[in-house]
Amino acid sequence: MVKENRRVWKAKYFERLAENLNEFDKCFVVGVDNVRSNQMQKIRISLRGQAELVMGKNTMMRKVINGVLESKPSLEKLLPHVVENIGFVFTKGELNDVREAIESNKVEAPAKAGQIAQCDVSIPKQNTGMGPEKTSFFQALSIQTKITKGTIEILNDVPLIKRGDKVGASEATLLSMLGIYPF
């Protein structure tokens, strides 16, 4: 597939989004942070026939919405939601059915260093199965442990990351070592 001229591509995008805004009466605004392209492809496939998923640059989306405001003034409510990494899911069907189709493709994701936490993350009291050579790692994070039968055991539930905080490299490493995928 040959990539088109940027001006032609933008014109087609504006036309497609404006057409969807005029044609469909129901719309979801979906956040797509930490969503892999393979997962997006599966979501698009599951929505075929019942909904249309449109992604794009926020400035382009705002420009199209502002252009369609004259014919549909209710779209002004969408403008404050066009921030960060989002997309629109347009449908004529039941919103619950479309939401279920999107939710069924939700996959747990590992924490990455530098990422903003979307929820509180805590480590449950457990036997980690790791050898005693890793105790210094837990001590650096102020996690109380003891060695039981040659493996490290976490003594208490530990709140590791609060919602809205940046995930550190050591927290991300610890969560991956424990097999916890919080996001």
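## Strand pairing around S7

Two strands count as paired if DSSP finds at least two bridges between them. The structure described here is a predicted model. In this model, strand S6 (residues 145–148) and S7 are paired in the antiparallel sense, with four bridges. Within S7, Glu 153 is the residue that Lys 146 stands opposite. S6 and S7 form a hairpin with two residues between the strands, and in this hairpin Lys 149 has a positive phi near 50°.

S7 also pairs with strand S5 (residues 126–127): the two run antiparallel and are joined by two bridges. Here Gln 126 has Ile 154 of S7 as its bridge partner. The residues of S7 (residues 151–154) point in two directions, Thr 151 and Glu 153 one way and Ile 152 and Ile 154 the other way. Are these residues of S7 buried or exposed? All of them are buried.

Helix H3 (residues 58–68) has the buried residues Asn 58, Met 60, Met 61, Val 64, Ile 65 and Val 68. These buried residues line one face of the helix, because they fall within an arc of 160° when seen down the axis of H3. In general, an α-helix has 3.6 residues a turn, so residues three or four places apart point the same way.

On the face turned away from the buried side, H3 carries the exposed residues Thr 59, Lys 63 and Gly 67. The cover over the buried residues of H3 includes helix H1 (6–23), strand S2 (51–55) and strand S3 (86–91).

## How H1 crosses H3

Two packed helices are described by the angle between their axes and the distance between the axes. For H1 and H3, the axes come within 10 Å and cross at roughly 50°. The two helices, H1 and H3, are therefore oblique to each other. The crossing of H1 past H3 is right-handed.

On the H1 side, the contact is made by Trp 9, Lys 10, Tyr 13, Phe 14, Leu 17, Ala 18, Leu 21 and Asn 22. H3 contributes Met 60, Met 61, Lys 63, Val 64, Ile 65 and Val 68.

## A buried loop residue

Gln 115 is found in the loop between helix H4 (95–103) and strand S4 (121–123). Its relative accessibility is 11%, and buried means under 20%, so Gln 115 counts as buried. Apart from neighbours within four places in sequence, Gln 115 is in contact with Asn 34, Pro 110, Asp 165, Lys 166, Val 167 and Phe 183.

Technical notes. Residues are numbered from 1 along each chain as its sequence is written. This is a predicted model: local features need pLDDT of at least 70, side-chain atom pairs count only at pLDDT 80 or more; totals for chains, interfaces and linings use all residues. Side-chain values use heavy atoms; hydrogens and water are left out. Buried means under 20% relative accessible area, exposed over 50%, partly exposed in between (1.4 Å probe, protein chains only). The arc is that of the directions from the helix axis to the C-beta atoms. Contact means heavy atoms within 4.5 Å. Axes are lines fitted to C-alpha atoms, for helices over the stretch in contact, and angles run from 0 to 180 degrees between N-to-C directions. Angles under 35 degrees count as roughly parallel, over 145 as roughly antiparallel, 65 to 115 as roughly perpendicular and the rest as oblique. A crossing is left-handed if the near helix is turned anticlockwise from the far one by less than a right angle, and right-handed if clockwise.
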